[in-house]
Amino acid sequence: MLDAPILVLIDLETTEAAPAPTGPSLELLTAARGLTSGDVVALALQPLGDPATAALAAAGATRLLAADLGESAHLPATAADAVVAAVDAVQPAAVLVVSDYRGKELAGRAAVLLGSACVSDATALEAAGTGESATLRASKLVLSGSWSTTASVGSGGSAPIIAVRPGIAEVAAADGAALAAESLEVPVSAEAAAVRLVSREATSVAAGPALSEARTVVVGGRGVDGDFNLVRSLAEPLDAAVGATRVACDEGWIERSAQIGQTGETISPRLYIGLGVSGAVHHTSGIQGAGTVVAICDDSEAPIFEMADFGVVGDVTDVVPQLVEELARLRG
Ligand SMILES: Cc1cc2nc3c(=O)[nH]c(=O)nc-3n(C[C@H](O)[C@H](O)[C@H](O)COP(=O)(O)OP(=O)(O)OC[C@H]3O[C@@H](n4cnc5c(N)ncnc54)[C@H](O)[C@@H]3O)c2cc1C
């Protein structure tokens with residue numbers, strides 16, 4: 001167990017009412033709570049209301065640093081400047097950020113600015129030893145998920161930055177008091193100020209839960225033959241995100257941002273359901289962190305069945321409607 005504070009950068013999603021912390025950020029607070037007896041310090045880059053800060057406290061935060069960066073909070077370079085300012089203020093043992101595109105970019109940049117270590121795509125964290133000699137260990141899957149590696153991440157010049165994949169912890173629901181925010185001034189560097197946000201719009205993929213954060217992902221491959229309404233018909237009752245293979249994106253059946261695999265998103269949902277997906281290694285390398293894998297494919301020899309926990313050999317146009325009907329029946 002560490003005894004120094006751990007700083008957690010909180011990603012915010014825009015809701016109708018006010019910005020709210022994302023699920024993966026709350027997971028990081030819970031993970032940090034299990035690693036240190038010191039403070040777990042949440043860093044928010046936009047002002048938060050009481051429900052949001054109560055959620056931070058319930059998840060494990062004991063302090064809240066709040067900056068007000070407006071829309072530029074979404075820019076990795078500005079967020080990295082904020083991390084540097086917060087590290088100066090808190091002197092943490094480590095900084096945790098969510099390992100998505102923005103998180104990995106800002107982790108690298110903040111580590112360079114701080115002269116510290118950086119690990120991305122961690123899937124597990126543990127504290128080895130106790131007190132001042134305690135160090136953090138971060139594990140990750142590499143080589144298309146065929147190896148798991150664990151690295152000891154020392155503090156070096158300054159606090160190491162660890163980008164952690166969603167799915168690391170179960171978060172408690174908020175029922176307690178809100179945290180009082182301590183305001184943080186962020187000197188934005190000239191390099192960060194040179195990048196300005198021009199627009200930010202949700203695509204139709206973003207209409208459901210975010211792919212990288214979703215607990216359940218339903219993926220359409222070539223076998224759905226362009227019918228992503230079929231994929232959505234199963235995703236909606238499961239509150240799942242919709243993903244795709246590269247073939248489905250190449251065909252223009254869905255936006256490129258839905259692509260999962262070596263050249264797309266890496267996901268770690270509790271449940272992955274592949275519809276008409278053969279399971280090529282370029283695709284399955286992006287789902288190694290998935291919990292339960294379900295495959296529905298008409299080719300019993302398809303490689304997806306080698307990694308599937310449950311498989312149905314059949315035509316998606318027969319199987320999926322039956323599945324949707326059965327789900328509706330079970331839910332009354
Ligand atoms: C450098 C490189 C990078 C790549 N990166 C990625 C990546 O990031 N992500 C990615 O996904 N791919 C990637 N690919 C492509 C990858 O190799 C595969 O070609 C792709 O994943 C296959 O997609 P698929 O499973 O949809 O199609 P297919 O391999 O054609 O499989 C479709 C499956 O659906 C079955 N099927 C057909 N009709 C039905 C039906 N009616 N009902 C049920 N099943 C049916 C077929 O029998 C088949 O098994 C990459 C390739 C290269 C070379």
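1. The buried residues of helix α1 are P24, S25, L26, E27, L28, L29, A31 and A32, where buried means under 20% relative accessible area with a 1.4 Å probe and protein chains only. With eight of its 11 residues buried, α1 is mostly covered.

2. The model is predicted: local features need pLDDT of at least 70, and side-chain atom pairs count only at pLDDT 80 or more, while totals for chains, interfaces and linings use all residues. Residues are numbered from 1 along each chain as its sequence is written, and side-chain values use heavy atoms, with hydrogens and water left out.

3. The buried residues of α1 pack against β1 (6–9), β3 (19–21), β4 (40–44), α2, β6 (94–98) and β11 (161–164); contact means heavy atoms within 4.5 Å.

4. Helix α1 (residues 23–33) and helix α2 (residues 50–59) have axes that come within 8 Å and cross at roughly 35 degrees. These axes are lines fitted to C-alpha atoms over the stretch in contact, with angles from 0 to 180 degrees between N-to-C directions. L26, L29 and T30 of α1 meet A55, L56 and A59 of α2.

5. V119 lies in strand β7 (residues 118–122) and counts as buried because its relative accessibility is 14%. Leaving aside residues up to four places away in sequence, V119 touches A138, K140, V153, I161, I162 and A163.

Technical notes:
Helix = DSSP H or I, 4+ residues; strand = E, 2+ residues; numbered from the N terminus. Buried < 20%, exposed > 50% of the residue type's maximum accessible area, 1.4 Å probe, protein only.
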